[in-house]
Amino acid sequence: LTPKGEELLQYSHRILSLVSEAESAMEEDGTSKGHLQIGSLSSIAETHLPHLLANYHKGNPEVALSVTTGITDELISKVLDRELDGAFIAGDARHPDLVYRNFKHETLLLAAAQSSPITSWQDISDSTLLVLPIGCYYRATLEFLLRTEKLLPHETITFSSLGALLANVCAGLGICLFPESVLKKYSDSQYIKTFALPDNYSCVKTSFVYRKDLFQSKAIQNFI
């Protein structure tokens, strides 16, 4: 597409989303039904969402649920573009078109393989960093820590999958930074060891976000 074609495509997505939203509004009869498209960080999808989604599905069996995982920046973009009804994200960034509902406060830990010589977070200089793509809040926090504490990594390897990244931490390829809830099952199995960080790096707030002008069907009301 030409640049103008790309611009028109973005408007077309928004127009079609609004048409779909209008149809849903006209069909709304106070019952929980239709489609619900939720986005989530992989870390939240693997730890906190299963119980939440199972309970929701039990109480709202006529709602067709779909869950898309991604990194924070990408999820916010999809909510703004109406591709998702809402998403679970990390961090304190705010967008004027979104509503932010507090979800959980998580504790971030540094993780390395049990065989690693690292004995504290201060030993990570010259380590290989294993990260998710740019736009991931946890990656940004790790990079901020390194800059602030003047620690230099040996190299950075990017993974698109959280599972693959953690498997490579267990294998000794490098270190990572993720919430304690994600790392717990690996540290409990003694594949990895974890290290606490100073308070200014260790706390992360997660939220459920959705557009301020989102038509709130019974399905999304019940989910919220």
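The protein contains 9 helices and 9 strands. Helices (H or I, at least four residues) and strands (E, at least two) are DSSP runs, numbered from the N terminus. The model is predicted: local features need pLDDT of at least 70, side-chain atom pairs count only at pLDDT 80 or more, and totals for chains, interfaces and linings use all residues. Residues are numbered from 1 along each chain as its sequence is written, and side-chain values use heavy atoms, with hydrogens and water left out.

The C-alpha trace spans about 60 × 45 × 30 Å along its principal axes. Of the 224 residues in the protein, 41% are buried. Buried means under 20% relative accessible area, exposed means over 50%, and partly exposed lies in between (1.4 Å probe, protein chains only). Contact means heavy atoms within 4.5 Å. Among the contacts with a separation of 6 or more, 78% join residues 24 or more positions apart.

Strands are taken to pair if DSSP finds at least two bridges between them. β3 pairs with β1 in the parallel sense, over 3 bridges. Here S40 has F88 of β3 as its bridge partner. β3 also pairs with strand β9 (residues 203–211), in the antiparallel sense and over 4 bridges. In β9, F208 is the bridge partner of F88.

The largest nonpolar core holds 62 residues. Such a core is a set of buried Ala, Val, Leu, Ile, Met, Phe, Trp, Tyr and Cys residues joined through side-chain atoms within 4.5 Å. L110, L165, L166 and F178 touch the most other members. The largest share of this core, 7 residues, comes from strand β4 (residues 98–113). The contacts of F178, leaving aside neighbours within four places in sequence, are T107, L108, L109, L132, Y138, L162, L165, L166 and L183.

Empty space was then examined. Rolling a probe the size of a water molecule over the atoms shows where empty space is left. On a 1 Å grid over the protein atoms alone, a cavity is a set of points where a 1.4 Å probe fits but cannot get out. A pocket is an open set with protein on both sides within 12 Å along at least five of seven lines, and lining residues have an atom within 4 Å of a point. Grid points are joined across faces, edges and corners, and a volume is the space filled by probe spheres set on the points.

The largest pocket holds about 560 Å³ of space. It is lined by 22 residues, with S20, E21, S24, H35 and D85 nearest its centre. Two or more lining residues come from each of α1 (3–27), β1 (34–40) and α9 (218–223). α1 supplies the largest share, 5 residues. The pocket lining divides into 7 nonpolar, 7 polar and 8 charged residues. In this division Ala, Val, Leu, Ile, Met, Phe, Trp, Tyr, Cys and Pro count as nonpolar, Asp, Glu, Lys and Arg as charged, and the others, Gly among them, as polar.

A search of the whole structure finds 1 cavity of 30 Å³ or more. The largest cavity has a volume of about 40 Å³. Its lining consists of L130, V131, L132, C136, Y138, R139, L142, L177 and F178. β5 (128–131), α5 (137–148) and β7 (176–179) each give two or more residues to this lining. α5 gives the most, with 3 residues. The cavity lining comprises 8 nonpolar residues, no polar residues and 1 charged residue.

V67 lies in strand β2 (residues 63–69) and, at 39% relative accessibility, counts as partly exposed. V67 is 56 residues from Y11 in sequence and 24 Å from Y11 in space, C-alpha to C-alpha. Beyond its neighbours within four places in sequence, V67 is in contact with I38, L49 and L53. T194 lies in strand β8 (residues 192–195). At 29% relative accessibility, T194 counts as partly exposed. T194 and Y11 are 183 residues apart in sequence and 46 Å apart in space, C-alpha to C-alpha. Leaving aside neighbours within four places in sequence, T194 is in contact with L109, L110, A111, L183 and S187.
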